Amino acid sequence: MIGEGGFGSVYRGVVKINNSNGGDDFDDDCGEKVDVAIKQLNRNGMQGHKEWITEVNFLGVVKHPNLVKLVGYCAEDDERGMQRLLVYELMRNKSLEDHLLARMPSPLSWKMRLQIAHDAACGLAYLHEEMDFQLIFRDFKTSNILLDENFTAKLSDFGLARQGPTEGLSHVSTSVVGTVGYAAPEYVQTGRLTAKSDVWSFGVVLYELITGRRSVDRNLPKSEQKLLEWVKPYVSGSKKFYLIMDPRLEGQYCIKSAQKLASLANKCLMKQPKSRPKMSEVVEILGQMIIDTSSLEPVEIDDSLKENEEPIAEPEPTKQSNSYRKKVLEFKDLVSLRSRSSGKLDWRNWTPVVRTW
């Protein structure tokens, strides 16, 4: 078992994909072995069944390099109850939450954090703007951002996703679900859901990347338990900004880059939803930040430079940072910062994979 959630457990497994030319016979010597993650819902009762159906329906039609791939699914009823499985591609480097909460041996470098933010933004931009129907993720948080062997970030867990408002409507009215600390205030207060609700959640995650803290942490002193309230005095005064930086970075970051990321987070966290940027705009801003940061020369820094906000030396090369440099070179070759989708989906031809009658 590699994980456990509210509706069941997640296991690691291997499946063999048949590469034969349509024959019915399966040759054990043929096919490609693929490592997968298998989510098994609890057999007792129907808790999580609606979310299971939602994941199958949506992940069966969306396709993007920053969304976790659904390999297959299973629903079978027997004397032991209903067996419901979801089979995903295995994400070997676990979740962003695991890295930020020190569950992994080495911390993510600053450049890797920027790249992960950019990857996640590309995934949301695709859902919001690049399909023939809009999909609102509704549960964007660090535990739902998974990292593959190259530290490419992919969004996972579409159980709470909702189709966006149809033409002529400004929002979707729905019951309030999600995770405390990430849900947009207007959604919590009114139940009115828009794509800008995801943008708010993205702003919260940006501050988690900066600070290495949870959005809400009851184990901290009361004045520090809510992340967005705790950072306010420090982001307004630039000389104190370094005090909110993740200590696991050990000073290896560019302070100006971090301040720009905080500024972007603040835009995503604007009180009025219409004032928040679209995710395609966020993608472009983050893309430019990555290029600007990669071009900076490493600078050794001491404590006296913190208040002057000079760039801080980058860490020694690691497997993560080498992987990042390769991705930066690839990134500069992209014709467009925004377009990372594999083509639009035709909503008119879409039908649910699973029917519920």
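## Crossing of helix 5 and helix 6

In this predicted model, helix 5 passes helix 6 in a left-handed crossing, a term for a near helix turned anticlockwise from the far one by less than a right angle. Helices here are DSSP runs of H or I with at least four residues, strands are runs of E with at least two, and both are numbered from the N terminus. The axes of helix 5 (residues 195–211) and helix 6 (residues 227–236) come within 11 Å and cross at roughly 65°. Helix 5 is therefore roughly perpendicular to helix 6, the class that covers angles of 65 to 115 degrees. Each axis is a line fitted to C-alpha atoms over the stretch in contact, and the angle, on a scale from 0 to 180 degrees, is taken between N-to-C directions.

Helix 5 contributes Trp200, Val204, Tyr207, Glu208 and Thr211 to the contact, and helix 6 contributes Leu227, Leu228, Trp230, Val231 and Val235; contact means heavy atoms within 4.5 Å. By class, eight of these residues are nonpolar, one is polar and one is charged. The nonpolar class holds Ala, Val, Leu, Ile, Met, Phe, Trp, Tyr, Cys and Pro, the charged class holds Asp, Glu, Lys and Arg, and the others, Gly among them, count as polar.

## Basis of the model

Residues are numbered from 1 along each chain as its sequence is written. Local features need pLDDT of at least 70 and side-chain atom pairs count only at pLDDT 80 or more, while totals for chains, interfaces and linings use all residues; side-chain values use heavy atoms, with hydrogens and water left out.

## The chain as a whole

The chain contains 10 helices and 11 strands. Of its 357 residues, 46% count as buried, that is, under 20% relative accessible area, with over 50% termed exposed and values in between partly exposed (1.4 Å probe, protein chains only). Among contacts with a separation of 6 or more, 66% join residues 24 or more positions apart.

Helix 7 (255–268) has 14 residues and reaches 20 Å from its first C-alpha to its last, close to the 20 Å expected at 1.5 Å a residue. The expected span is 1.5 Å times one less than the number of residues. Its buried residues are Ile255, Ser257, Ala258, Leu261, Ala262, Leu264, Ala265 and Cys268, and their cover includes helix 3 (110–129), helix 5, helix 6 and helix 8.

Helix 8 (residues 279–294) has 16 residues that should span 22 Å at 1.5 Å a residue, and its end C-alpha atoms are 22 Å apart, in agreement. Among the buried residues of helix 8 are Met279, Val282, Val283, Leu286 and Ile290.

## The loop between helix 6 and helix 7

Leucine 249 lies in this loop and is buried, with a relative accessible area of 6%. Leaving aside residues up to four places away in sequence, leucine 249 touches Leu108, Ser109, Trp110 and Arg113. Its C-alpha atom is separated by 9.1 Å from that of glycine 212, 37 residues apart along the chain.

Glutamate 250 lies in the loop between helix 6 and helix 7 as well, but is exposed, with a relative accessible area of 66%. Glutamate 250 has a positive phi of about 50° although it is not a glycine. Most residues other than glycine have a negative phi.

## Two further buried residues

Phenylalanine 151 has a positive phi, near 65°. It is found in the loop between strand 7 (145–147) and strand 8 (153–155) and is buried, with a relative accessible area of 6%.

Threonine 54, in helix 1 (residues 49–59), is buried at a relative accessible area of 15%. Not counting residues up to four places away in sequence, threonine 54 touches Phe158, Gly159 and Ala161.

Note on methods
Parallel < 35°, antiparallel > 145°, perpendicular 65-115°, else oblique.
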